[in-house]
Structures are given as structure tokens and as C-alpha cells.
2 protein chains.
Amino acid sequence: MSMSSGYGSDALACCAPLVREPIGAEQAASVVVVLKALADPVRLRLMSLVLSHEGGEACVCDLLPAFELSQPTISHHLKVLHDAGLLGREKRGVWVYYQARPEALRALTTLLEPAGAHA
Amino acid sequence: MSMSSGYGSDALACCAPLVREPIGAEQAASVVVVLKALADPVRLRLMSLVLSHEGGEACVCDLLPAFELSQPTISHHLKVLHDAGLLGREKRGVWVYYQARPEALRALTTLLEPAGAHA
């Protein structure tokens, strides 16, 4: 029952901030996996719900009431976020709990950070 | 010949960090426009090339050699970034110059910033 996570944040850790040097084609492809995971209104809301939930953790049962969507649909979107490394996942009893992975978001914001940009 | 920009960064300015409170459905839709603009390997590389270019500005002529793509294709991707508010645009002579808009990236990183997250 260990916490598992996807590969996204490791992919992001590879890359210097966009502003410092042009990102390579291969690295860009890795980052795009994470950006695509977030670039969906339901998934962005799910990410925000988990992040802002007590303990940075929520089960599907906590998340379902916020949407007029079926549990399989919500679970699919959570899987995409998990596969991109944005959420950890742990089964406890009958429910799967999802945990925000701040290090994955931090890797993304470091990459996109415009600090030092020519204003 | 004035610098023009899209609507993306204004859309982002609306929203509290994801970790502070759940983002609303309408706000999530606005943010997704910006995330989708970045969630493409060519556009992410273009954004990085413009950001890291001298003066945070580049013309299509500067960007074209980095890709094995036609100028119309590159111009289309630049338009998507512009429409999302990530790049400003100015015509000077025969070339269109694109300028990184750090405030748009800053709005995005503020939104995604996991500071205060339950680690």
C-alpha cells in the first residue's frame, strides 16, 4: 500500500528555467506531459481541490461532490494527474487517497519563472 | 505600430493560488487557455527562445532556424502564444517582433506556486 507517483516531476527536474536558455526539443516534450495534464478545466480544479484540502490530501469521495461527473470520469482525470507526477496515490480501505506533490508544482514554477527576464 | 497583447494574463490575474482555495469552474477555464498555449513542444520552445533572447524579444527571422518548420507554422504557434497573453507583438519594417510578457508567466507561477502546501 505504498504511495506511488508518476514520472512528471523527475522529467521537470532536468530543465533550466526557460528564461535562462532555450529548452531542448526532448526536454520540452517531457514538460509538455505535465502542462497537458494541468491544461484541462476539470483536472485543474481537481489539482486545486487536493492542494487546498486539509493535509494536501483527498479521496475520490471528497472530490466527487464538486463535479457533476461520474466517479470513473473523475478517477480517470486523477490518473492523468498521477501519471504526470502531480499527485501521489495511496489505497486505504475502500478509497484511494490522492496527495498533492508540491515538488512537482515547484519544478514547474521554477521552469516558468520569469525572474531575470528582460522586463 | 503599437505593442499588442492577448487577454491571458488578465484572465490569470483573477485567481488566488490553487493551494489557497479551490479554483472556480469559470476561472479554471480562463487559466486552461494559457496552459494549453504552453502545452505544446514547439510553443514551449518558442516561448523559451523569446524569453532567453537578447532583450526578451525576437523576430520570426530569429526563431525560424531553430525548427524544421515553415514560417507560417511558426507564425501560427506564435499567434497562439500571443492570443493567450504570453507574448506581445509589434511590426517593425518587414518583420513582426515578439516580446515575452513576464507578467503573464508570473501570474501563472503565482497561481501554481505550492508555497504553504502541506508537505
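This is a predicted model: local features need pLDDT of at least 70, side-chain atom pairs count only at pLDDT 80 or more; totals for chains, interfaces and linings use all residues.
**Chain A: overall make-up**

Chain A contains six helices and three strands. Read from the N terminus, its elements follow the order α-α-α-β-α-α-β-β-α. Of the 119 residues in chain A, 50% are buried. Among the contacts in chain A that join residues at least 6 apart in sequence, 63% link residues at least 24 apart.

A:Gly55 sits in the loop that connects helix 3 (41–52) with strand 1 (57–59) of chain A. The relative accessibility of A:Gly55 is 36%, so this residue counts as partly exposed, the class between under 20% for buried and over 50% for exposed. A:Gly55 and A:His76 are 21 residues apart along the chain, and 23 Å separates their C-alpha atoms.

**Strands**

In chain A, strand 2 (residues 87–92) and strand 3 (residues 95–100) run antiparallel and are joined by six bridges. Within this pair, A:Gly88 is placed opposite A:Gln99 of strand 3. The two strands form a hairpin with two residues between them, where A:Gly93 has a positive phi near 65 degrees.

In chain B, strand 2 (residues 87–92) likewise pairs with strand 3 in the antiparallel sense, over six bridges. B:Arg92 faces B:Trp95 of strand 3 in chain B. These strands of chain B also make a hairpin with two residues between them, and B:Gly93 in the turn has a positive phi of about 65 degrees. Strand 3 (residues 95–100) of chain B has a further antiparallel partner in strand 1 (residues 57–59), with three bridges. There, B:Ala58 has B:Tyr98 of strand 3 as its bridge partner. As a rule, side chains in a regular strand alternate between the two faces of the sheet.

| Chain | Strands paired | Sense | Bridges |
|---|---|---|---|
| A | strand 2 (87–92) and strand 3 (95–100) | antiparallel | six |
| B | strand 2 (87–92) and strand 3 | antiparallel | six |
| B | strand 1 (57–59) and strand 3 (95–100) | antiparallel | three |

**Helix 2 of chain B**

Helix 2 of chain B covers residues 25–38, which is 14 residues. The expected span is 1.5 Å times one less than the number of residues. The buried residues of this helix include B:Ala28, B:Val31, B:Val32 and B:Val34. B:Leu35, B:Ala37 and B:Leu38 in the helix are buried as well.

**How the two chains are related**

Two copies of a chain are related by a rotation about an axis and a shift along it.

**The interface**

In the interface, 38 residues of chain B are in contact with 38 residues of chain A. Between them the chains bury about 3,300 Å², and 73% of that area is on carbon and sulfur atoms. Two salt bridges are found across the interface of chain B and chain A. The side chains of A:Glu113 and B:Arg106 form a salt bridge, with an N to O distance of 2.1 Å.

Key
Residues are numbered from 1 along each chain as its sequence is written. Chains are lettered from A and ligands numbered from 1 in the order in which they are written. Side-chain values use heavy atoms; hydrogens and water are left out. Two strands pair if DSSP finds at least two bridges between them. Helices (H or I, at least four residues) and strands (E, at least two) are DSSP runs, numbered from the N terminus. Buried means under 20% relative accessible area, exposed over 50%, partly exposed in between (1.4 Å probe, protein chains only). Contact means heavy atoms within 4.5 Å. Buried area is the accessible area (1.4 Å probe) that two parts lose on being put together, summed over both. A salt bridge is a side-chain nitrogen of Lys or Arg within 4 Å of a carboxyl oxygen of Asp or Glu.
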